[in-house]
Amino acid sequence: MFFGSYEYAIDEKGRISIPSRFRNEIGERLYLIKGYEGCISLYKEDDFQIYITNIQNLPYEKAKVRQHARILLQSVVELSIDKVGRILIPVKTLKEYNIGKNVLLLGSLDHLEIWDIGKWNAYKEENEKNFEIDAESLISSNEN
């Protein structure tokens with residue numbers, strides 16, 4: 001399980017370190033996919049397979065399913081973790097998702113997210129306002 005946040009600078013080649021506390025859980029590779037709200041998502045192999053299986057189980061006859069699957073699957077990049085615990089994110093991918101040099105690596109239960117620090121700060125500021133109200137409505141809707 002992934003949680004916590006870590007600020008990093010992506011180097012000129014597009015490399016970012018994976019926190020040592022996550023490396024044993026991850027193994028040798030990660031799968032990068034288009035995330036939500038402008039981030040990049042990183043999945044270890046087992047969780048990526050679960051995610052893809054969930055997509056496969058959707059009815060492909062529905063246009064929204066095809067659309068989502070196509071956009072998602074075209075974004076997949078398989079990444080290897082080097083000997084010092086870094087991944088190399090293609091520069092094209094960083095540009096496509098407007099990820100700058102300064103990033104936040106965020107643990108999000110079954111995956112990691114990479115956020116441009118400016119995008120993250122704006123997202124957090126906007127969404128933290130209703131944190132308690134949202135928590136109450138989510139918990140109460142789950143009790144039914």
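## Helix H3 and its packing

The buried residues of H3 pack against S3 and helix H2 (45-56). Contact here means heavy atoms within 4.5 Å. Helices (H or I, at least four residues) and strands (E, at least two) are DSSP runs, numbered from the N terminus. This is a predicted model: local features need pLDDT of at least 70, side-chain atom pairs count only at pLDDT 80 or more, and totals for chains, interfaces and linings use all residues. Residues are numbered from 1 along each chain as its sequence is written, and side-chain values use heavy atoms, with hydrogens and water left out.

Helix H3 covers residues 63-74, twelve in number. From first C-alpha to last, H3 reaches 17 Å, close to the 16 Å expected at 1.5 Å a residue. The expected span is 1.5 Å times one less than the number of residues in the helix. Which residues of H3 are buried? They are Val65, Ala69 and Leu72. These residues cover an arc of only 75° around the axis, which puts them on the same side of H3. The arc is that of the directions from the helix axis to the C-beta atoms. Lys64 and Arg70, on the other side of H3, are exposed. Buried means under 20% relative accessible area, exposed over 50%, and partly exposed in between (1.4 Å probe, protein chains only). An α-helix has 3.6 residues a turn, so residues three or four places apart point the same way.

## Helix H2

H2 also has a buried side. In H2, the buried residues are Asp47, Phe48, Tyr51, Ile52 and Ile55. Seen down the axis of H2, they fall within an arc of 140°, so they line one face of the helix. Asp46 and Gln56 are exposed on the other side of H2. The cover over the buried residues of H2 includes S3, S4 and H3.

H2 has twelve residues. Its reach from first C-alpha to last is 16 Å, close to the 16 Å expected at 1.5 Å a residue. H2 lies across S3 and S4 and runs at about 110° to S4. Axes are lines fitted to C-alpha atoms, for helices over the stretch in contact, and angles run from 0 to 180 degrees between N-to-C directions.

## The sheet

What is the order of the strands in the open sheet of six? It is S1-S7-S8-S4-S3-S5, with antiparallel pairing. Two strands pair if DSSP finds at least two bridges between them. Strand S1 (5-9) and strand S5 (77-80) stand at the edges. Each has a single partner strand, so one side of each is left without a neighbour in the sheet. The twist averages 30° from one strand to the next.

## Strand pairs

S3 and S4 pair in the antiparallel sense over five bridges. Lysine 34 stands opposite isoleucine 40 in S4, and the bridge partner of tyrosine 31 is tyrosine 43 in S4. The hairpin of S3 and S4 has five residues between the strands. There, glutamate 37 takes a positive phi near 60°. S3 also pairs with S5, in the antiparallel sense, over four bridges. Leucine 30 stands opposite leucine 79 in S5.

S7 has its own partners. S1 and S7 pair over five bridges in the antiparallel sense, with tyrosine 8 opposite valine 103 in S7. S7 and S8 pair in the antiparallel sense over six bridges. Serine 108 stands opposite histidine 111 in S8. The hairpin of S7 and S8 has two residues between the strands, and leucine 109 takes a positive phi near 65°. Five of the seven residues of S7 are buried, so S7 is largely enclosed by the rest of the structure.

## Nonpolar cores

A nonpolar core is a set of buried Ala, Val, Leu, Ile, Met, Phe, Trp, Tyr and Cys residues joined through side-chain atoms within 4.5 Å. The largest has 21 residues. Ile26, Leu42, Ile87, Ile89, Ile99 and Ile114 touch the most other members. Helix H1 (20-26), strand S3 (29-34), strand S4 (40-44), strand S7 (102-108) and strand S8 (111-116) each supply at least two residues of this core.

Not counting residues up to four places away in sequence, isoleucine 26 touches Phe2, Ile18, Lys44, Ile81 and Leu112. A second, separate core has nine residues, including Tyr31, Ile33, Ile52 and Leu72.

## Glutamate 96

Glutamate 96 lies in helix H4 (residues 91-96). Is glutamate 96 buried or partly exposed? Glutamate 96 is partly exposed, with a relative accessible area of 42%. Glutamate 96 and tyrosine 60 are 36 residues apart in sequence and 27 Å apart in space, C-alpha to C-alpha.
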